[in-house]
Amino acid sequence: MATVFHIRQATPEDVNTILQLIVDLATYEKEPESAKATPELLRKNLFETPFAHALLAFTGTVETPGEPIGLALYFFNYSTWTGRPGLYLEDLYVKPEHRSLGVGKAFFGQLGKVAQSKNCARLDWSVLKWNEPSINFYEKRLGAKPMSEWMGMRLEEEGIDNLKKLL
């Protein structure tokens, strides 16, 4: 029998669930100490001043939801080349015991609907190089193409603070 699940937009009441799924993801990615989010930060940045948005997957139906089993956290960016917005998937996580049941595909289906409703030209995300199961899913099931000609760059808080020296 197929597992019944549903996906819905997160609400402020879901903050603790979102945080737990973030911690679970950080542990899966072998960096549990990197998860610095707090309920206060999530509430502020997802709901009060929404810099990002979250979808949650639960077992059960909308009417009788069960346990949380997945998270897709995304935000909008902008492409100067297309002149249109894009959707950036920051994190996608499905609990290991619920993988291969269609939850990841359903998340991407929902993200596609969001992207189309906002007239997004692109849906981008990053994947860790060692995460072969996810890479195979993205390439074979979704038809995603790797962007091997690009290299990600990042400044963290100290680096951002050091930018004022350039003024």
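This is a predicted model: local features need pLDDT of at least 70, side-chain atom pairs count only at pLDDT 80 or more; totals for chains, interfaces and linings use all residues.
I started just past helix α3, where N119 takes a positive phi of about 60°. Residues are numbered from 1 along each chain as its sequence is written, and side-chain values use heavy atoms, with hydrogens and water left out.

**Helix α3**

I looked up the helix itself next. The expected span is 1.5 Å times one less than the number of residues. Helices (H or I, at least four residues) and strands (E, at least two) are DSSP runs, numbered from the N terminus.

Which residues of α3 are buried? I get V103, G104, F107, F108, L111, V114 and A115. Buried is under 20% relative accessible area, exposed over 50%, partly exposed in between, with a 1.4 Å probe and protein chains only. Down the axis of α3 the buried residues fall within an arc of 135°, so they line one face; the arc is taken over directions from the helix axis to the C-beta atoms. K113, Q116 and S117 are exposed on the other side of α3. The buried residues pack against β1, β2, β3, β4, β5 and α4, contact being heavy atoms within 4.5 Å.

**Helix α1**

α1 (residues 15–28) has 14 residues and reaches 20 Å, close to the 20 Å expected. Its buried residues are V15, I18, L19, L21, I22, L25 and A26. They fall within an arc of 165° seen down the axis, so they line one face of α1. I find them packing against α2, β2, β3 and β4. Just after α1, K30 takes a positive phi of about 65°.

**Rings**

K30 turned up again: it lies over the face of W130, 4.3 Å from the ring centre. The charged end of R99 sits over the ring of Y28, 4.5 Å from its centre. My cut-off was NZ of Lys or CZ of Arg within 6 Å of the ring centre and within 35 degrees of the ring normal.

The whole structure gave me nine aromatic pairs. Rings of Phe, Tyr and Trp (its six-membered ring) pair with centres within 6.5 Å; planes under 30 degrees apart are stacked, over 60 edge-to-face, the rest tilted. W125 and Y138 have ring centres 5.1 Å apart and planes at 70°, so the pair is edge-to-face. W125 is in β5 and Y138 in α4, 13 residues apart. W125 is partly exposed at 22%, and Y138 is buried at 9%. Ring pairs link F108, W125, F137 and Y138 into a cluster.
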